Amino acid sequence: MNMTSGNRKHAEAEPTDGVGSGTLVRRSVLGGLAAIPVLSGLGSAIPALAAAAAQRGSVPAAAGDLVRGVERRYNAPLLAAGTRLVLPAGLKAMPVRDYYTRPRLGSAASAWPHLRATDGTTVDASVVPERGAPTRIAMLSGFTDGWYELRHANGRADRVTWDAGTMPFLWLYGEFGATSKSPYDRFYSLALQPMSRNPYSLATTFS
């Protein structure tokens, strides 16, 4: 997986300027989030269903295992209202419901960039909202070309690419402060992670 910043030099994302990255691990916390206000060092937000993320030089995943790419987290102050998430055309967005207690898929997918937020409203998920907006959590599918680009209000553009043949799904988690769940009510962040399959399509349990 590659990330290209505004200067178009290839580099792995570093936890600077409000951007975080790291390899996901299994979590036993409900919803999978560590209680860290800036999301630095977050573990998986996916229930513990499968093997750890694929790493360079690791043993190939067994059939059916969930392969997860690098999760990148964008935080304030770099992340700001008006930041745009640009994705390939033709994607579908399936919302994740009851994320903090019993995460499961919503009843219907929508055409990207339309997405049903946690308060039931339909939003344009390609635009980062002001603080206080409802949480957005979804699995995006339909990738034949693996890439996304985050275009920040300050002019910086971060483009991330990956092998869509191996990981045709993208997990999206946007937390903007509207939730009443502590400590997530203090977050203003957007996390994105490619995956080999939709983990919520199976029965979810916490270990």
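Glycine 174 stands opposite leucine 190 in strand 15. Helices (H or I, at least four residues) and strands (E, at least two) are DSSP runs, numbered from the N terminus. Residues are numbered from 1 along each chain as its sequence is written. The model is predicted, so local features need pLDDT of at least 70 and side-chain atom pairs count only at pLDDT 80 or more, while totals for chains, interfaces and linings use all residues; side-chain values use heavy atoms, without hydrogens and water.

Strand 15 covers residues 189-195. Two strands pair if DSSP finds at least two bridges between them.

| Partner of strand 15 | Bridges | Sense | Facing residues |
|---|---|---|---|
| Strand 4 (residues 71-75) | 4 bridges | antiparallel | Arginine 72 and leucine 192 |

In a regular strand, side chains alternate between the two sheet faces. Ser189, Ala191, Gln193 and Met195 point one way from strand 15. Leu190, Leu192 and Pro194 point the other way. Buried means under 20% relative accessible area, exposed over 50%, partly exposed in between (1.4 Å probe, protein chains only).

**Nonpolar cores**

A nonpolar core is a set of buried Ala, Val, Leu, Ile, Met, Phe, Trp, Tyr and Cys residues joined through side-chain atoms within 4.5 Å. The largest has 30 residues; Leu87, Trp112, Leu140 and Tyr148 touch the most other members. Strands 11 (136-141), 12 (146-151), 13 (157-162), 14 and 15 each supply at least two residues of this core. A separate core of 10 residues includes Met139, Phe187, Ala191 and Met195.
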